[in-house]
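Subject: Structure handover

Hello,

Here is the structure for you to look at. My notes on it follow below.

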Amino acid sequence: FGDAHLRGWRLLRGAFGAAALQHTAVIFTSCGERTEEDVKSEVARLCTKTPPPMLCGVIDELGAVHGGAGMDRVVTFGTLEPSRRFRDRTKLFELAVQLESRSGGRGYDHGEFVRAQSRRKLMAQRIAAIGSEEDRRVLELLYANVEAGAACDA
């Protein structure tokens, strides 16, 4: 889980709003023989480090969304053997059913996306209205980082 993954996470959250996280899972691919339990153990070990890896924040945020452990939103995809592929698909669909159940069968509210985009547009307008060119450039740079997923506005 590197910078590109974190950027993707920030872009997802920033573009679709926090409400999208209720419908979000983390899928690890190319896991070989490792399962969710193996990844859970590895993440627990990694998250004891100071500072913890970026992945720990993502997993914590997923858990905070529904008041549980974020690791229950993780699925691993392993080898391409038929039995493993069947197992992985089953795990993914079981998680999808759980997420749907937790949301009461409600899907993602498109209105949240519209509100998130409106907040971003207002932010850009407010930055453009700043009189000091130096201050405006600094904020434009920060805003560009948010738009690129290199920083977050949450």
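A residue is called buried when its relative accessible area is under 20%, exposed when it is over 50%, and partly exposed in between. By that cut-off R84 is buried, because its relative accessibility is 7%. Please keep in mind throughout that this is a predicted model.

R84 belongs to helix α4, which covers residues 82-102. The side chain of R84 makes a polar contact of 2.6 Å with the side chain of D88.

Next, the cysteines. Searching the whole structure turns up 1 disulfide. The partners are C47 and C56, with 1.9 Å between their sulfur atoms. The angle about the S-S bond is -100°, and the link between C47 and C56 is left-handed. As for accessibility, C47 has a relative accessible area of 29% and is therefore partly exposed, whereas C56, at 4%, is buried.

The cut-off for a disulfide is a pair of cysteine sulfur atoms within 2.5 Å. C31 is also buried, since its relative accessibility is 6%.

Helix α1 runs over residues 3-16 and has 14 residues. The expected span is 1.5 Å times one less than the number of residues. Which residues of α1 are buried? They are L6, W9, R13, G14 and A15. Directly after α1 comes G17, where phi is positive, at about 85°.

Last, the surface. A nonpolar patch there is formed by V138, L139 and L142, and together these residues have about 240 Å² of accessible area. One of them, L142, sits in helix α6, residues 133-148. L142 has a relative accessibility of 47%, so it counts as partly exposed. Residues need over 30% relative accessible area to be part of a patch, and L142 at 47% is over that value.

Regards

Conventions
Residues are numbered from 1 along each chain as its sequence is written. This is a predicted model: local features need pLDDT of at least 70, side-chain atom pairs count only at pLDDT 80 or more; totals for chains, interfaces and linings use all residues. Side-chain values use heavy atoms; hydrogens and water are left out. Buried means under 20% relative accessible area, exposed over 50%, partly exposed in between (1.4 Å probe, protein chains only). Patches are made of residues with over 30% relative accessible area and no salt bridge: like charges are joined within 9 Å, nonpolar side chains (Val, Leu, Ile, Met, Phe, Trp, Tyr) within 5 Å. Accessible areas come from the Shrake-Rupley method with a 1.4 Å probe; for residues, only the protein chains shown count as cover. A salt bridge is a side-chain nitrogen of Lys or Arg within 4 Å of a carboxyl oxygen of Asp or Glu. Helices (H or I, at least four residues) and strands (E, at least two) are DSSP runs, numbered from the N terminus. A polar contact is a pair of N or O atoms within 3.5 Å; within protein, one must be able to donate a hydrogen and the other to accept it, and residues adjacent in sequence count only if both atoms are side-chain atoms.
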